[in-house]
Structure formats: C-alpha cells, structure tokens
Amino acid sequence: MAIRKPSKLPQTAIIKQILKRCSSLGKKVDYHDQDGLPIDVPKGHFVVYVGPNRTRYIVPISFLARPEFQTLLQAAEEEFGFDHDMGLTIPCEEAVFESLTCVRC
C-alpha cells in the first residue's frame, strides 16, 4: 500500500476535476449531443461506477453535498486516486451504494 501525499487542492477544485473527467468519458462514445455530452446523462447529473463489476449509475450533482457521498468519494480517492482514466469509481458494493445514496428511492 503506497503512501500518498494529501491533496493540496481545495475540495471544490477536486470536485470540478472529477466532473470534468466524468463528462469527458462520454466524448469517447458515439452517443453524444452537439455539446459533446452523453445523451443519457441529463443536465445536472454525472456518472459513477460502483463495485467490482463497475455498474454505471447516473446521479445528481446535488449528491456531492451529501456527507455520505463525500465519504464514498474519500474512499474512492484512497483506493484509486483521482488520476486515472477509468471514470469515477466508487469502491463499495452496489447495495451499500444504493442504501447510502438512496439512488432508487
């Protein structure tokens, strides 16, 4: 397990980087609108991948303010860091993610 230096960027800058990376993933797909954004991701939402199967979830940006989602983001940073091309991956089981974020409520 490698020791990582703590991020010197403020949390808002880190969140902006995450959203930029997530939206850029959609540009690799042929299904995008005139702005280059994925058609299936509504405005005000972003994509995360959850669990070992990397199940794709479309979640509202408002989730970024939730303490339970921030905990999941911290776990993602510890597990994967934010400097990779795999999309924002949350390292937990899908059932846990759904219960913490209430995705299907």
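Predicted model: local features only at pLDDT ≥ 70, side-chain atom pairs only at ≥ 80, totals over all residues.
Thr89 sits in strand E3 (residues 89–90); strands here are DSSP runs of E with at least two residues, helices are runs of H or I with at least four, and both are numbered from the N terminus. Is Thr89 buried or exposed? At 3% relative accessibility, Thr89 is buried (buried is under 20% relative accessible area, exposed over 50%, partly exposed in between, with a 1.4 Å probe and protein chains only). Its side chain makes a polar contact with the side chain of Arg54, at 3.4 Å. That term means a pair of N or O atoms within 3.5 Å; within protein, one must be able to donate a hydrogen and the other to accept it, and residues adjacent in sequence count only if both atoms are side-chain atoms.

Residues are numbered from 1 along each chain as its sequence is written, and side-chain values use heavy atoms, leaving out hydrogens and water.

The protein chain averages a pLDDT (the predictor's confidence in each residue, from 0 to 100) of 75. Confidence is highest in strand E2 (residues 55–60), at 91, and lowest in helix H1 (residues 11–25), at a mean of 62.

## Glu68 and the helix pair

Glu68 belongs to helix H2 (residues 67–80) and is partly exposed, at 28% relative accessible area. Its C-alpha atom is 7.1 Å from that of Thr101, 33 residues apart along the chain.
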